[in-house]
Amino acid sequence: LHDGRVMNKRLLFVEAIYCNSANIMALVNLGLTLAAGETVKLPGRRACDQKELFIFAIHTNIARYRTFGLVALATTLLPNEEATLADGRKLSSRQLLLEAFEGNFDTLISHTAGIDHAAAIAQLGEQQALAEAARANDVKAFAIEALRRRLEPGERLELQDGIVVERKAASAGDGEGDREAGSASKRARRTAPPQPQQQEQQESAPRSRRPPRKDVR
């Protein structure tokens with residue numbers, strides 16, 4: 001910095017909160033830098049973990065920050081886990097994502113294509129993928145993929161803005177894949193060249209004798 005201090009990403013977010021305690025985006029982004037169980041001490045507050053930072057963001061009056069906080073908090077929960085909000089409600093990750101879509105999600109960003117969020121989540125994990133989506137102004141598309149991952153196989157939901165989120169039935173997909181794999185295997189066996197041992201057997205097999213040719217005079 002201009003005063004000679006060297007700071008990493010986490011310390012920069014803490015500094016931003018120190019300069020403006022109402023900087024909710026800094027709170028959420030700070031939470032995304034924390035690992036599970038890790039805490040950070042903020043100016044004038046006790047040490048907080050990432051869930052507490054996200055819950056604080058959820059109860060702000062600014063819709064865009066609340067939405068981001070709901071999506072971020074959803075990424076911290078295990079499948080059967082619930083988060084207790086400041087108003088006493090206990091919500092699962094799926095319920096948090098649905099509540100995000102019930103609000104005015106488009107005050108944060110518009111739903112724009114660009115990032116393969118399924119691939120990003122598989123490679124980076126949900127929290128890092130969310131951070132990437134936030135940098136690309138693609139949080140809503142990330143939330144759609146995160147919600148899809150929490151649906152039951154074969155379940156289909158239509159959100160308030162008309163977007164349909166669907167998770168294909170695993171059994172049908174797997175069966176189709178097995179059939180395709182089986183067909184491919186059969187095709188490979190039919191078109192595969194003969195193995196050396198088979199070729200030797202074919203070469204050593206006696207050839208059928210033809211009857212002697214009679215000369216026609």
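Author: Before we start, a contact here means heavy atoms within 4.5 Å. This is a predicted model: local features need pLDDT of at least 70, side-chain atom pairs count only at pLDDT 80 or more, and totals for chains, interfaces and linings use all residues. Residues are numbered from 1 along each chain as its sequence is written, and side-chain values use heavy atoms, with hydrogens and water left out.

Reader: How many helices and strands does the protein have?

Author: Helices (H or I, at least four residues) and strands (E, at least two) are DSSP runs, numbered from the N terminus. Counted that way, the protein has 10 helices and 6 strands.

Reader: What percentage of the 217 residues count as buried?

Author: A residue is buried under 20% relative accessible area, exposed over 50% and partly exposed in between (1.4 Å probe, protein chains only). Of the 217 residues here, the buried share is 33%.

Reader: Let's look at some helices. How are α7 and α8 oriented to each other?

Author: Axes are lines fitted to C-alpha atoms, for helices over the stretch in contact, and angles run from 0 to 180 degrees between N-to-C directions. The axes of α7 and α8 come within 8 Å and cross at roughly 155°. Angles under 35 degrees count as roughly parallel, over 145 as roughly antiparallel, 65 to 115 as roughly perpendicular and the rest as oblique. α7 and α8 are therefore roughly antiparallel.

Reader: Which residues in α8 do those in α7 meet?

Author: On the α7 side you'll find E126, A129, L130, A133 and A134. Their partners in α8 are V139, F142, A146 and R149.

Reader: Is helix α8 mostly covered or mostly open, and how many of its 11 residues are buried?

Author: Helix α8 spans residues 139–149 and is mostly covered. Among its buried residues are F142, I144 and L147, but also K140 and E145. The buried residues pack against α4 (63–74), α5 (93–102), α6, α7 and β6 (164–166).

Reader: What sits in the loop between α6 and α7, and how far is it from T75, C-alpha to C-alpha?

Author: The loop between α6 and α7 is the place of G125. G125 is partly exposed, with a relative accessible area of 25%. In sequence, G125 and T75 are 50 residues apart, but in space their C-alpha atoms are separated by 9.1 Å.

Reader: How do α6 and α7 themselves lie, oblique or otherwise, and at what angle do they cross?

Author: α6 covers residues 117–124 and α7 covers 126–135, with axes that come within 7 Å. The contact is made by H117, A120, I121 and L124 of α6 and E126, Q128, A129, E132 and A133 of α7. α6 and α7 are therefore oblique to each other, crossing at roughly 135°.

Reader: Which residue has a positive phi despite being other than glycine, and what is the value near?

Author: Most residues other than glycine have a negative phi. N137 lies in the loop between α7 and α8 and is partly exposed, at 49% relative accessible area. The exception here is N137, with phi near 55°.

Reader: Is E99 buried or exposed, and what does it touch?

Author: E99 is found in helix α5. Its relative accessible area is 11%, so E99 is buried. Not counting residues up to four places away in sequence, E99 touches R66, L70, R89 and L91.

Reader: How many disulfides does the structure hold?

Author: A disulfide is counted when a pair of cysteine sulfur atoms lies within 2.5 Å. C19 is exposed at 61% relative accessible area, while C48 counts as buried at 9%. The number of disulfides is 0.
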